[in-house]
Amino acid sequence: MKDTEVIAEELVFRPLPHVVIEANVNPQEFATAQSAAAADYLAYWEDAAHELEWFRKWDQVLDASQAPAYRWFPGAQCNIVHNALDRHIATANKNKLALIWEGEAGDSKKFTYYELYREVNRLANAMRSLGIGKGDRVVLYLPLIPQTMIAMLACAKIGAIHCTVFAGFSAKILRRRITELRAKLVITADGFYRNGHLISLKTIVDEALMGDCDCVETVVVVNRANLDVDMSEARDMCYDALVRQEHSEAATEIVSADDPLFILHTSGTTGEPKGVIHGHAGYMVCLHRSLDWIFDIKPTDIFWCTGDAAWITGHSYVVYGPLIAGTTTVMYEGHPLYPQADRMWDIVARYGITILYTVPTVIRMLMRYGTQYPRMHDLSTLRLLGSVGESLSRDVWLWFYKNIGHSQCPLLDTWWQTETGTCMITPFPVSVLKPGAVHRPMPGVSIALTDSQGKSLPAGEAGHLVITRPWPSMLLGLYGKEELYQHTYWPLGIDMYWAGDIARRDEDGLVWIHGRSDDIMNIAGHRIANQEVENAFLTHKAVAEVAVIGVADKIKGEVAKAFVILQPDFAVLDDRNEVIRMLKNHVRKELGPVAVVRSIEFVNTLPKTRSGKIARRVLKASETGTDIDISLITED
Ligand code: WT7
């Protein structure tokens, strides 16, 4: 049998026989699951829930009476940490590696499930003695170190809500999150290593807490980099000193199914970030399914998701998912190119990684360095590859598939969002793969492609991607913003979750993602609203008006370009390069290095819509030389 053929002018890859034989879900089982889920999706998810341990089972699978505030498994009592950690201690997993962590400098730490359990319990006890308990928000401003995972699990264990802020965000953003959430506790580190540099973090926390930030009672500082940091006697505590005396057993808080587990902010079109809330029960049910069925976890796997723990990818596929599945998860602190472009392949070979889940921006970056780097290492342990965050173009897909997977590993391009919690549209290892397509919805997930009014479109036509049935790992809401939740995600009614993406289905029914329909950029896989960057520009006194658009970038996928009308005093300055430097620094200071502004153009006017809003799409169309598809525009 040929494993590659061209059908209807599309390149497809059929699953290899050994993959089909060994898969947790073979093609027949997949078909059965899909038709069972289509016939009764509640029974399907209930079956999935029965595979986990509960303190008390649910009264009902789904309560839709307050829709779109859907509540899954009402009446149930559980704790995700019981399934991710506690229950493994009574099984053969007890002495299995839960976490392999590697620092950028090559230092490493390994934790068995039992060791991780003890560390989590120590911190959980320490947090309880600091007065932190159920429902309290704890802000984590941490790099990719073991304590990040420990802190997340310790929060969950005591029923507190963890709120991670990515270490690439500025003091201003950190402060905004802390005050919005009224966090009593912040956990951070002195610093960390990235691309050969020592980056200090505690100083950013100090800056964020300056002045009248009255909610934070304690800042716990992990010693990662032996930096000499200022410690405020009344407020700051050293992590090691805090946990040293603590007992290594701690009771796991019994929480209700929809008690919040974490809040994670994501960019909204208005430029005002939204705190997406996820809970314990539904989230763990979908994660369990996705590790078992999509990532096909076996007892011998070593699972490496390269996402940062501070984003949803890391929450779901570095921390909770792999631990629920009882597999070994890998965390790497540093830069993929440090000290040279084979670092990732070196890690794969040394630990015998079997499943690698990464993002297109990293693949594109590594691709630029050529195949000599992967060829330096034995990558034969790999058996499954995955990607998330942006579309994989065909050339990038093929490069990854051939040079990293040696045409032996299914490559799963998974579509999902912070709000969906877990993978929604994805191939399975046994699927016939088409490079560039994200395949089909998971069993139990239903989607439609519609026009702006919600009318379904025929195959081949691009439209809005909506999810037509609730799913267990859906967001529970937006922190403090109930109305916004309804407007943002359910504008067409309670049975159409609005994803904000444009997509189409091809003649085989496979889904292709075209990009966002709203004004949100995807910079190296990070969602950043155009307006958020514009707001940052506007806080500089030189800027009178500004419009920001996303422009294509070979590595990052997209970067920001700004069109600026200067204030008269600044418009007369001769040294435009100096103004550009100043503005770029300013935006970096406001938002942090994640918001990459590649270029700034000075203009005298900006195109406006009839209602006076800046017409970014007109700028974008003239920048890219394309026509705009008016039918898909929802603003105005
Ligand atoms: C947005 C969600 C889910 C973790 C990472 C991002 C885009 C996501 C794909 C994919 C094309 C994708 C969408 C989506 N996206 N996966 N496989 N192909 N685009 O989470 O920050 O919440 O962003 O990322 O536009 O809406 P996020």
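**View 1. What lines the largest cavity?**
How many nonpolar, polar and charged residues does the lining of the largest cavity have? The lining has eight nonpolar, five polar and two charged residues. Here Ala, Val, Leu, Ile, Met, Phe, Trp, Tyr, Cys and Pro count as nonpolar. Asp, Glu, Lys and Arg count as charged, and the others, Gly among them, as polar.

The model is predicted: local features need pLDDT of at least 70, side-chain atom pairs count only at pLDDT 80 or more, and totals for chains, interfaces and linings use all residues. Residues are numbered from 1 along each chain as its sequence is written, and side-chain values use heavy atoms, with hydrogens and water left out.

Rolling a probe the size of a water molecule over the atoms shows where empty space is left. A cavity is a set of points, on a 1 Å grid over the protein atoms alone, where a 1.4 Å probe fits but cannot get out. Lining residues have an atom within 4 Å of a point. Grid points are joined across faces, edges and corners, and a volume is the space filled by probe spheres set on the points. The structure holds five cavities of 30 Å³ or more. The largest cavity holds about 90 Å³ of space. Its lining is made of 15 residues, and Trp72, Ala257, Gly282, Pro472 and Leu476 are the closest to its centre.

Which elements supply at least two residues each to this lining? They are strand E4 (71-72), strand E17 (274-279) and helix H10 (281-294). H10 gives the largest share, three residues. Helices (H or I, at least four residues) and strands (E, at least two) are DSSP runs, numbered from the N terminus.

**View 2. The shell around the ligand.**
The ligand is surrounded by 18 residues. The closest are Asp413, Thr414, Thr418, Arg516 and Arg527. By class, the shell has six nonpolar, seven polar and five charged residues.

Which N or O atoms of the protein lie by the ligand? A polar side-chain atom of Thr418 is 2.5 Å from a ligand oxygen. A polar backbone atom of Glu390 is 3.3 Å from a ligand nitrogen. For Ser391, a backbone N or O atom lies 3.5 Å from a nitrogen atom of the ligand. On its own, the ligand has 560 Å² of accessible area, and the protein covers 95% of that. Such areas come from the Shrake-Rupley method with a 1.4 Å probe. Helix H11 (312-324), strand E22 (411-414) and strand E29 (511-516) are the elements that give two or more residues to the shell.

**View 3. Helix H11 and the glycine after it.**
H11 is largely enclosed by the rest of the structure, because 13 of its 13 residues are buried. Buried means under 20% relative accessible area, exposed over 50%, and partly exposed in between (1.4 Å probe, protein chains only). Gly326 follows H11, and its phi is positive, near 70°.

Thr188 sits in strand E10 (residues 185-189). Is Thr188 buried or exposed? Its relative accessibility is 0%, so it counts as buried. A polar atom of its side chain lies 2.9 Å from the backbone oxygen of Tyr141.

Thr266 belongs to strand E16 (residues 260-266). At 6% relative accessibility, Thr266 is buried too. Its side chain makes a polar contact of 3.4 Å with the side chain of Arg527. A polar contact is a pair of N or O atoms within 3.5 Å; within protein, one must be able to donate a hydrogen and the other to accept it, and residues adjacent in sequence count only if both atoms are side-chain atoms. Arg527 is also among the residues closest to the ligand.

Most residues other than glycine have a negative phi, and most peptide bonds are trans. Which bonds are cis here? One joins Ala67 and Pro68, with omega about 10°. Pro68 lies in the loop between strand E3 (62-63) and E4. Another runs from Tyr338 to Pro339, with omega near -5°. Pro339 is in the loop between strand E19 (328-332) and helix H12 (343-351).

Phe73 is not a glycine, yet its phi is positive, about 55°. Phe73 sits in the loop between E4 and strand E5 (77-78). With 0% relative accessibility, Phe73 counts as buried. His406 also has a positive phi, near 45°. Its loop joins helix H15 (394-404) and E22. His406 is partly exposed, at 42% relative accessible area.

How values were computed. Near = heavy atom within 4 Å. 1 Å grid on protein atoms, 1.4 Å probe; cavity = no way out; pocket = protein on both sides within 12 Å on 5 of 7 lines; lining within 4 Å.
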